[in-house]
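Welcome, and thanks for taking a look.

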Amino acid sequence: MCSMLTKETKDEYRDGFIKGIPICLGYIPVSFTFGLMAVTGGLPRWLTIFTSISNVTSAGQFAGVQLIFAGAGLFEIALTTFVINMRYMLMSLALSQKIHEETPLWKRLIFGFAITDEIFAIASVERKKLTASYMFGLMSTPIFGWTLGTALGAFTSGLLSDRLSAAMGIALYAMFIAIIIPPAKKSKAVLITILEATAIMCIFRYVSFFDFISDGFKIIIATVIAAGISAAVFPVKEGGDSAEAAESGCAAPAKEEADI
Amino acid sequence: MKAFISVLVMAIVTYIPRVLPVSVFRHEIKSVFIRSFLFYVPYAVLAALTFPAIIWSTGSELAAAVGTLIAIFLAYMEQGLVVVAMAAIVVVYGAGLIF
């Protein structure tokens, strides 16, 4: 009985670990860019690396460090970072519905640390209840990759051409595209959700009336409206919350990465 | 020292929204609307983060637009995260040399 449990735990960990590897690899160019930017701006190398290992977030870190450079106060830094990261509450709430009910609090406190956009994207389209072991596996290589990329960027700052470091700015967004497009191919509702969110963000961007809203809030508002409209117009059938997006449930792990 | 404290504060306000809901909510939400809403959240939030911000991500709007199209095409062809991200960087770099 006990050994069976251990084996199950191991399998779960391995499943998460394997699915985390593409996230880890995708993080390296993005965190590299962060390391480059932070050190170029004047943050000490050790603090740049510490930022990545303690925050493990893209948009929040970029914005927070920019504010540090701008000499902003603690409260402004805290508020801006918090607003940008409020989207994680929606993700964390969504994941709470998929986490195995008996998962103890201390384990939730650990894997909660690693709810990033990408880790959430992978976990949320799983068709099974998520165990803590799966989450631990899923988070391990991305945190490593995020930190490693930052360190590489921090120590090569000044060695790369400006043109190359500018080009790397697209990496984060390209990764997001790789996550959302394949499901949008299979589900018209997902495609429409993406178009709704994009349209709302474009309105925020080009209608100057909305300039008073901070970037973080714009993302939250766009998310709530787009997901709300889709939920009202295209309710997801009971019991198959991810069936629409992940049709190939029996595919080999290597194939699934591309599907998500 | 001030920068170090700022980073610590950033870490805390990043951790709280992540950990709170997943630790507090244990029971299953029954509402079809809320379940559907939560299903659409990842697509909505990632799209909102990406579009149109991606256009200003590289210093050249034209190069970024070409990179965006390549990324969408490769993602449509179901290439993985790494392939899409690397291809976008290479294309933006190459486009930057031309434009």
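## An exposed glutamate

A:Glu102 counts as exposed, because its relative accessibility is 69% and the cut-off for exposed is over 50%. Please keep in mind that this is a predicted model.

As for its place in the fold, A:Glu102 sits in the loop between helix H5 (87-96) and helix H6 (105-111) of chain A. From A:Glu102 to A:Thr131 the sequence separation is 29 residues, while their C-alpha atoms are 9.0 Å apart in space.

## A buried serine

Now to a residue on the other side of the cut-offs. A:Ser54 belongs to helix H2 of chain A, and its relative accessibility of 12% makes it count as buried, since buried means under 20%.

Which backbone oxygen does the side chain of A:Ser54 reach at 3.4 Å? That is the backbone oxygen of A:Thr51. If neighbours within four places in sequence are left aside, A:Ser54 is in contact with A:Phe113, and across in chain B with B:Val7 and B:Ala11.

## H2 of chain A against H1 of chain B

Helix H2 (residues 45-55) of chain A and helix H1 (residues 2-24) of chain B have axes 9 Å apart, at an angle of about 15°. H2(A) is therefore roughly parallel to H1(B), as angles under 35 degrees count as such. The crossing is right-handed.

On the H2(A) side, the residues that meet H1(B) are A:Trp46, A:Leu47, A:Phe50, A:Thr51, A:Ser54 and A:Asn55. Their partners in H1(B) include B:Phe4, B:Val7, B:Leu8, B:Ala11 and B:Arg18. By type, the residues of this contact are nine nonpolar, four polar and one charged.

## H11 of chain A against H2 of chain B

How far apart are the axes of helix H11 (residues 188-206) of chain A and helix H2 (residues 32-50) of chain B? They are 8 Å apart, and the two helices pack at an angle of about 40°. This pair is therefore oblique, and H11(A) passes H2(B) in a right-handed crossing.

Among the H11(A) residues in this contact are A:Val190, A:Thr193, A:Ile194 and A:Met201, and they face a set in H2(B) that includes B:Phe39, B:Tyr40 and B:Tyr43. The contact of H11(A) with H2(B) has eleven nonpolar residues, two polar and no charged.

Methods
Residues numbered from 1 in each chain as written. Chains lettered and ligands numbered in written order. Predicted model: local features only at pLDDT ≥ 70, side-chain atom pairs only at ≥ 80, totals over all residues. Heavy atoms only, no water. Axes fitted to C-alpha atoms, helices over the stretch in contact; angles between N-to-C directions. Helix = DSSP H or I, 4+ residues; strand = E, 2+ residues; numbered from the N terminus. Parallel < 35°, antiparallel > 145°, perpendicular 65-115°, else oblique. Left-handed = near helix turned anticlockwise from the far one by under 90°. Contact = heavy atoms within 4.5 Å. Nonpolar A, V, L, I, M, F, W, Y, C, P; charged D, E, K, R; others polar. Buried < 20%, exposed > 50% of the residue type's maximum accessible area, 1.4 Å probe, protein only. Polar contact = N/O pair within 3.5 Å; in protein donor to acceptor, adjacent residues only side chain to side chain.
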